[in-house]
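Here is a short tour for anyone meeting this structure for the first time. Please keep the sequence and the 3D view open as you read.

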Amino acid sequence: MSCLLEVKNLVTRFYSDGATIHAVNGISYALDEGESLAIVGESGSGKSVGVMSVMGLIRFPPGRVESGEVIFKGRDLLKLSSSEMRKVRGSEIAMVFQDPMTSLNPVLPIGLQLMEPLQAHMGLDKNAARNRAAELLALVGLPGAVERLGDFPFQFSGGQRQRIMIAMALTCNPSVLIADEPTTALDVTIQAQIVELIKDLQQKLGMAIIWISHNLALVAGVVDKVIVMYSGYIVEQAPVDDLYERPAHPYTMGLLQAIPSLDQRNQERLASIEGMPPDLRAPAVACPFAPRCPYVVDQCRQAVPPLQSVGPHHTAACWRAAELRNVHSFGEIV
Amino acid sequence: MNAAVQLATGSKPLIEVENLKVHFPIRHGLLRRQVGAVRAVDDVSFNVYEGETLGLVGESGCGKSTTGLAVLNLLEATTGEVRFRGQTVTRSSEQQMRPLRRHMMMVFQDPYSSLNPRMTVGTIIGEPLSVHQMGGPAERAERVQELLRLVGLNPAFINRYPHEFSGGQRQRIGIARALATSPAFIVADEPISALDVSIQAQVVNLMSDLKAQLGLTYLMISHDLSMVRYISDRVAVMYLGKIVEVGSRDSVFDRPLHPYTRALMSAVPVPNPKLERERKRIILEGDVPSPSNPPAGCRFHPRCAFAEEVCRHEEPALRVLEGSNSAEHRVACHLAEKLAE
């Protein structure tokens, strides 16, 4: 499979109140055609800012993509003018946001909102756009859509609104769909519906997907590979099975063991990662996870560890990654 | 946790809830005439036994938070009764409630909006003590420091303000406040859902430790089934204002009887890619209907794959399965026996 999107050494910072927020600190990854990738992390890890930078959605002030390259189909997106970028956004790379309540315009009927990109990007006339809009709504599982094109967002439930958002993202047959926490605002049974829908659409339409999520369980069944972010760094990257079976970075281990499992009866104590995520205002001079890591050694406090290979297609940014390959539980003594 | 199951059947109830209904009127027109009601909680009965954690699970709008508030009489019950140690809580005046309040406290979901930003941590945690006139200023200050230590915060933080703390630390402050008057019973409404995963585990572990240390009883309200399984001794599942299934944690999770409970469990993803890919999910069609106009008969029937004629007309009672030896696991489904096979 050929490489569709390649992100190289992306650095994004925000400037506010005289402080510099080091949100994304040189991340690199590649996405193949039709592949699905998860970027997992907690709030402040830089997972959303990373894809917003790729989409050219970071506004200055306060934020700026400082350096790096985003190669999409042979072009560096970061070098495009804003009008060129607008053509890529929505038509080739589309995005679904977290909150379906606020990302739709509340005073416009959904039909109009769906038809707008069809007319703007695809050059369809009004009638053709209306037909295509109805088709798209049927595709995302909102049958009887033709009659509902005149309805406003408030007349739909949260799950239905997220389906509409997905339909909007699909209007121009994008080759990459970025889903930023698409189910976080939804109930579990509705979440399951939306996850099934996105999986299903990916198979039907063959697009590549980037799932942004804080939930390691949610992405387990839907992606091919996983990137774990912490404090603006990629700390681990691996094929999905490897990551869950043999996580290499202590943060990933801790995160996996902090989730109680529904299929386990054990009443063992949850692994808890002590402390808090670091302050992003200071540039990291050491491993950002060091203050919370049970395996910390002097080296960790002296330099930021680079991503290094720990297995096939499996990399981790930990000075002790090789040594820790035999650790099975977070906090276990080496 | 066999002890807990025994507790649940053998020990005495700390909280008894009988036929609790909380309806919110829908008013319309110039005269604010009542044209209907949102039946948020509609005839719910359960007990919380001394020393146990009862997990109350359900999706948004099922009435779980309203139930929690009504149990503490923070919301007035429309009908029905709630008793704390045999004493009626519902329809009590503020004055009658006051001596009871110090024994039943609440931990809120959002650690950002539930702490007054203009008060210091010391004032926040000490407020219940001054309201209930417990101890003099010096004793209160000492108690606040003791509470800070108890929840794992530095007692030197006493003069800081909430904005100086992270989400997890604020939730610890909320817990310390709830514990100030040494209550017996705590309602925790989604205490971890606003927190990051690595911080959630810290707070859950803290709450378990405190329960063991202080002999607390919890009503734990949550939408997170895996967390409820982890922390509860017994579990009650709510759907559209009703309890559809209740029982000990292991029997509900190992042998869910209600089709809704099964769907709910099947919808929860597990952090295991191989299992996830092979798993056959029960995907529920459609959305939860409006509690102002709930479906006739069984409220779940429009989304239930097994619904029969009887489900459309007759409301199922919460009952023990026929031929079951567990008197404690109850379900509200006409077809439970058939589906159990």
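## A lysine in chain B

B:Lys211 sits in helix α7 of chain B, which covers residues 197-214. Keep in mind as you look that this is a predicted model. Is B:Lys211 buried or exposed? Its relative accessibility is 16%, and residues under 20% count as buried, so B:Lys211 is classed as buried.

Which residues does B:Lys211 touch, leaving aside those up to four places away in sequence? They are B:Gly51, B:Glu52, B:Thr53, B:Leu216, B:Tyr218 and B:Asp233.

## The sheet of chain A

Now turn to chain A, where 8 strands form an open sheet. Going across, the order is β6-β7-β8-β3-β9-β10-β12-β11, and the pairing is mixed. At the edges are β6 (93-96) and β11 (308-311) of chain A, each of which pairs on one side only. From one strand to the next, the twist averages 20°. In general, the strands of a sheet pair through backbone hydrogen bonds, in parallel or antiparallel fashion.

For an example of pairing, look at β9 (residues 225-230) and β10 (residues 233-239) of chain A: they run antiparallel and are joined by 6 bridges. Here A:Val226 stands opposite A:Ala238 of β10(A).

## Helices on the sheet

Helix α7 of chain A (residues 188-205) packs on this sheet, where it touches β3 (36-40) and β8 (208-213) of chain A. The direction of α7 makes about 160° with that of β8(A). Another helix to find is α10 of chain A (residues 250-257), which lies across β9 and β10 of chain A and runs at about 100° to β9(A).

How do helices α4 (residues 126-139) and α6 (residues 158-170) of chain A meet? Their axes come within 9 Å and cross at roughly 125°. That angle makes α4(A) oblique to α6(A), and the crossing is right-handed.

On the α4(A) side, the contact involves A:Arg132, A:Leu136, A:Leu137 and A:Leu139, which meet A:Ile164, A:Ala167 and A:Leu170 of α6(A). Sorted by class, this contact has 6 nonpolar residues, 1 charged residue and no polar ones.

## An enclosed helix

Finally, why is helix α1 of chain A (residues 47-54) described as largely enclosed by the rest of the structure? It is because 6 of its 8 residues are buried. The buried residues are A:Lys47, A:Val49, A:Gly50, A:Val51, A:Ser53 and A:Val54. Just after α1(A) comes A:Gly56, with a positive phi of about 70°.

Terms used
Residues numbered from 1 in each chain as written. Chains lettered and ligands numbered in written order. Predicted model: local features only at pLDDT ≥ 70, side-chain atom pairs only at ≥ 80, totals over all residues. Heavy atoms only, no water. Pairing = 2+ DSSP bridges. Helix = DSSP H or I, 4+ residues; strand = E, 2+ residues; numbered from the N terminus. Axes fitted to C-alpha atoms, helices over the stretch in contact; angles between N-to-C directions. Contact = heavy atoms within 4.5 Å. Parallel < 35°, antiparallel > 145°, perpendicular 65-115°, else oblique. Left-handed = near helix turned anticlockwise from the far one by under 90°. Nonpolar A, V, L, I, M, F, W, Y, C, P; charged D, E, K, R; others polar. Buried < 20%, exposed > 50% of the residue type's maximum accessible area, 1.4 Å probe, protein only.
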